[in-house]
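Reader: I would like to learn how to read a few backbone and packing features. Please take them one at a time.

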Amino acid sequence: MYIYIVRPGETLGRISEMTGVSEETAAYINQISWPYGLAAGQALLLPAEAAPEAAAERERPCQKLWRPAAIKGYAYPFIDSGIFRQTLPYLTSLCVFSYGFTEDGRLIPPKTDDRWMIGEAKANSVRPELTLTSLNEQDQFDNLLIHALLHDEERKERLIFALLNEMKEKGYEGLDLDFEYVQAEDRDAYTRFVARLTERMNVEGYPVSVALAPKTSDDQRGILYEGIDYAGLGAAANSVFLMTYEWGYRGSPPMAVAPLPEVRRVVEYAVTRIPPEKIDLGIPNYGYDWPLFSSGEAAEARTVGNIEAVHQAVETGAEILWSDTAQSPHYRYEREGKKHEVWFEDVRSMRAKFSLVQEYGLRGAGYWQIMRLFRPGWILSADTFRIVRGG
């Protein structure tokens, strides 16, 4: 595959003439709606028949890594069935988000039935994994809920027993754990719980993965980090998922959601504490749109899909810029007299993250989340990695 960067004034028809790729093919891959409007600076993923001289003029060919890779995707049971079916072929595992638990250790299933997802995943040779979180009834991560569980043997046993029953009954083939804001005082108890959970699950043939906040040192301060022991959890679980995103978030100043230098720092630290072959790199499948005050400060952002961000740039006539430092696309636009700044992901930023997987010999990558279709990203991952089912 090639990545082609649209010049000001170029049309899809003109690009088709230069590359030999039909308008229909380019539009399908890149989710471009009729009448095929483009934004200057937009990154297009084009197939191999693209004339090398035309594509290389703006971007180099995508590197084929062709190494075994695990590719996971998180999804809620209310995902659109069409988006779900188009994404499944590009995954090795599906993490169904999410199950919760009560203070006394009873399992809480998702409000929407998840059986249909499990069945379709298995029919596509994708491993369905039950994702257990510490979300409370207000849909917030609750570290007091974690604390109550970790310090009561009966509650832990009740939860493990319920998990095993649920997984057997519904046909799950793995367990994914996402406990966030673990208190510093619960750090070792959490690691012991994961080790115990992994031992019990492995006996039944279920692998266990654990989501980790993006740390860069052992003694990193902050409520997200102090209760997370990379070395301990990396040894306790079968694999880990680095949540390498949310540097740019709803309440932050406008910036990349996953700037490459920050992602690299997390990976560099992680591989000193966890075997690389047990690490999946988290990749965001979204961006943020920040309204800007006249002072230049930003209001709270809204979430945008990667394709939505491009369509908005086309509609508003904005030019998409590229940050060489963050390795991420961004642009500004004005609507109803108010300026906005948008940062999102495209095939260039994903390619940069895939290169980290190769460089550090990681197990694979995972997307938070697949509720929005990002066809060019999925195709790029297939062109980059050799997906190993059951990996």
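Author: This is a predicted model. Start with accessibility. Gln-31 has a relative accessibility of 17%, so this residue counts as buried; the cut-off is under 20%.

Reader: Where does Gln-31 lie?

Author: Gln-31 sits in the loop between α2 and β2.

Reader: What is phi of Gln-31 near?

Author: The general idea comes first. Most residues other than glycine have a negative phi. Gln-31 has a positive value, near 55 degrees.

Reader: Which value does phi of Tyr-181 have?

Author: Tyr-181 also has a positive phi, near 65 degrees, and is a residue other than glycine. Tyr-181 is in the loop between β7 (174–178) and α8 (187–203).

Reader: Is Tyr-181 buried or partly exposed?

Author: The relative accessible area of Tyr-181 is 30%, so Tyr-181 is partly exposed.

Reader: Now peptide bonds. Which bond joins Trp-368 and Gln-369, cis or trans?

Author: Most peptide bonds are trans. The bond between Trp-368 and Gln-369 is cis, with omega about -15 degrees. Gln-369 belongs to the loop between β16 (364–368) and α13 (375–384). Another cis bond runs from Trp-34 to Pro-35, with omega near 15 degrees. Pro-35 is in the loop between α2 and β2 (43–46).

Reader: On to helix pairs. At what angle do the axes of α1 and α2 cross?

Author: Two packed helices are described by the angle between their axes and the distance between the axes. Here α1 (residues 12–19) and α2 (residues 23–30) have axes that come within 9 Å and cross at roughly 110 degrees. That angle is why α1 counts as roughly perpendicular to α2. The crossing of α1 and α2 is right-handed.

Reader: Which residues make the contact?

Author: From α1, Leu-12, Gly-13 and Ser-16; from α2, Glu-23, Ala-26 and Ala-27. By class, this contact of α1 with α2 has three nonpolar, two polar and one charged residues.

Reader: Last, the core. How many residues has the largest nonpolar core?

Author: In soluble globular proteins, nonpolar side chains tend to be buried together. The largest nonpolar core has 103 residues, and Leu-132, Phe-179 and Tyr-190 have the most contacts inside it. Helix α12 (residues 347–360) gives the most to this core: seven residues. Apart from this core lies another, of 12 residues, including Tyr-4, Val-21, Ala-26 and Leu-46.

Reader: What is Phe-179 in contact with?

Author: Leave aside neighbours within four places in sequence. Phe-179 then has contacts that include Phe-101, Leu-132, Ile-146, Tyr-190 and Ile-228.

How values were computed. Residues numbered from 1 in each chain as written. Predicted model: local features only at pLDDT ≥ 70, side-chain atom pairs only at ≥ 80, totals over all residues. Heavy atoms only, no water. Core = buried A, V, L, I, M, F, W, Y, C linked by side-chain atoms within 4.5 Å. Buried < 20%, exposed > 50% of the residue type's maximum accessible area, 1.4 Å probe, protein only. Helix = DSSP H or I, 4+ residues; strand = E, 2+ residues; numbered from the N terminus. Contact = heavy atoms within 4.5 Å. Axes fitted to C-alpha atoms, helices over the stretch in contact; angles between N-to-C directions. Parallel < 35°, antiparallel > 145°, perpendicular 65-115°, else oblique. Left-handed = near helix turned anticlockwise from the far one by under 90°. Nonpolar A, V, L, I, M, F, W, Y, C, P; charged D, E, K, R; others polar.
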